[in-house]
Amino acid sequence: EKGGHKHFMAKEIAEQPTVLADALAHYLNDGAITLPETTPDFAEVDRIVMVACGTAYYACATAKYWFEQLAGIPVEVDVASEYRYRDAPVGPKTLAIFVSQSGETADTLAALRHVATRARIVSVVNVPESSIARESDLALPIFAGAEIGVASTKAFTCQLLVLLLLALKAGRDRGRVTDEAMAGHMASLSSLPGLMAQALAASERIEETSVKLAEAQDILFLGRGSMFPLALEGALKLKEISYIHAEGYASGELKHGPIALIDRSVPVIVFAPRTALFDKTVSNMQEVMARGGKVVLVTDRLGAVEASEGCWQVIEMPTVPELIAPVLYAIPAQLLAYHTAVAKGTDVDQPRNLAKSVTVE
Ligand code: F6R
């Protein structure tokens with residue numbers, strides 16, 4: 001049942017090229033995005049509120065960058081346990097998006113009910129029969145298949161994919177994404193499964209790094225732009241299954257506090273594809289190295305050529321279009337957590353104190 005893998009988590013990480021191709025096949029037809037007819041017309045939406053817990057929340061935090069960039073819609077993202085007790089104003093043109101793998105998370109469901117009479121509700125779920133799916137105006141399945149490992153992996157990347165498709169539709173509805181740009185984005189999307197398979201090839205290299213990370217007490221994750229939510233997700237994944245204390249920060253926040261933690265014993269994992277923001281991240285990385293911090297740079301070929309000097313470890317990813325980079329870089333984030341946990345000998349699929357579906361508050 002684990003398909004030759006040692007853990008469900010390993011199987012589910014490895015499945016991502018296939019499940020993403022599957023999800024794409026469900027939502028693309030003749031090179032065009034085909035969402036249900038009841039999908040909102042984003043020309044009529046003036047604000048989006050996205051609500052979820054844990055990893056699903058980080059998928060929302062990533063999608064915020066996409067909705068803003070592609071569609072120019074203001075987006076607010078909140079954790080469900082806060083949103084459900086807030087008096088967050090909701091306007092007549094507010095769209096509320098709830099993201100949940102299980103579709104049964106108590107706080108997310110309560111947050112949905114909190115706005116259900118006031119806003120249009122779209123949910124992004126893995127279980128189409130779930131409570132959250134049933135109580136939504138529209139439920140979009142992510143087609144990840146059953147996820148058994150407690151730490152979410154393939155559901156995260158499938159959530160990202162469906163949210164990206166929604167953001168692209170929003171950009172079209174609002175006349176901000178041209179035909180030509182759309183053709184480019186479509187090409188990026190179709191290249192995604194193949195690129196994910198290439199990213200998986202870094203597994204052995206990541207394992208070597210993880211054996212060393214397993215000795216650390218504290219690990220920091222840094223990223224800028226859409227790599228910032230991924231830094232948070234990488235830290236969460238590592239904490240959950242390896243029990244090593246980890247924190248994710250926006251690279252630019254480093255000097256506002258966390259840099260005080262840096263010394264020889266603190267590895268700092270930096271997600272930085274060679275994009276427009278690369279140089280900024282590299283200068284943050286150099287601040288870390290100047291204080292003896294051990295940098296693990298996760299980047300592409302060009303990034304490795306330009307910035308490997310002084311790094312403790314460099315993990316190379318295939319070169320990807322910027323738009324889909326957060327989906328691809330999820331793989332090294334997951335593999336770093338996985339191999340570190342295996343090196344520590346923890347119960348990877350059933351980490352202590354955690355449940356797969358959190359149906360109580
Ligand atoms: C992390 C993880 C959790 C869930 C969270 C929400 O690896 O699995 O943080 O993402 O409990 O669960 P769902 O998506 O089922 O609402």
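These legends describe close-up views of a predicted model.

Local features need pLDDT of at least 70 and side-chain atom pairs count only at pLDDT 80 or more, while totals for chains, interfaces and linings use all residues. Residues are numbered from 1 along each chain as its sequence is written, and side-chain values use heavy atoms, with hydrogens and water left out.

**View 1. The sheet containing β5 and β6.** This open sheet has five strands in the order β4-β3-β5-β6-β7, with parallel pairing. Strands (E, at least two residues) and helices (H or I, at least four) are DSSP runs, numbered from the N terminus. Two strands pair if DSSP finds at least two bridges between them. β4 (75-79) and β7 (138-141) are the edge strands; each has a single partner strand, so one side of each lacks a neighbour in the sheet. From one strand to the next, the twist averages 20°. Six bridges link β5 (residues 94-100) to β6 (residues 120-125) in the parallel sense. F98 has S123 in β6 as its bridge partner.

**View 2. Helices on that sheet.** Helix α5 (residues 106-115) lies across β3 (47-52), β5 and β6, at about 165° to β5. Helix α7 also packs on the sheet, touching β3, β5, β6 and β7. The direction of α7 makes about 160° with that of β5. Axes are lines fitted to C-alpha atoms, for helices over the stretch in contact, and angles run from 0 to 180 degrees between N-to-C directions. Contact means heavy atoms within 4.5 Å.

**View 3. α7 against α8.** Helix α7 (residues 154-173) and helix α8 (residues 179-200) pack at about 170°, with axes 11 Å apart. That makes the two helices roughly antiparallel (angles over 145 degrees; under 35 is roughly parallel, 65 to 115 roughly perpendicular, the rest oblique). From α7, the contact residues are T157, L161, L164, L165, L168 and R172. They meet D179, M182, H185, L189, L192 and M196 in α8. By class, the contact has eight nonpolar, two polar and two charged residues. Ala, Val, Leu, Ile, Met, Phe, Trp, Tyr, Cys and Pro count as nonpolar, Asp, Glu, Lys and Arg as charged, and the others, Gly among them, as polar.

**View 4. α7 against α13.** Helix α13 (residues 325-344) packs with α7 at about 170°, their axes 10 Å apart. These two helices are therefore roughly antiparallel. F156, T157 and L160 in α7 meet P326, V327, A330 and Q334 in α13.

**View 5. The largest nonpolar core.** Of its 96 residues, M50, F67, I97 and Y329 touch the most other members. α7 gives the most to this core, with 13 residues. Such a core is a set of buried Ala, Val, Leu, Ile, Met, Phe, Trp, Tyr and Cys residues joined through side-chain atoms within 4.5 Å. Buried means under 20% relative accessible area, exposed over 50%, partly exposed in between (1.4 Å probe, protein chains only). Beyond neighbours within four places in sequence, F67 contacts residues including F42, I48, M50, L163 and A170.

**View 6. A341 in α13.** Helix α13 holds A341. This residue counts as buried because its relative accessibility is 0%. S242 is 99 residues away along the chain, yet the two C-alpha atoms are separated by 4.2 Å. Leaving aside neighbours within four places in sequence, A341 is in contact with I241, S242, T346 and V348.
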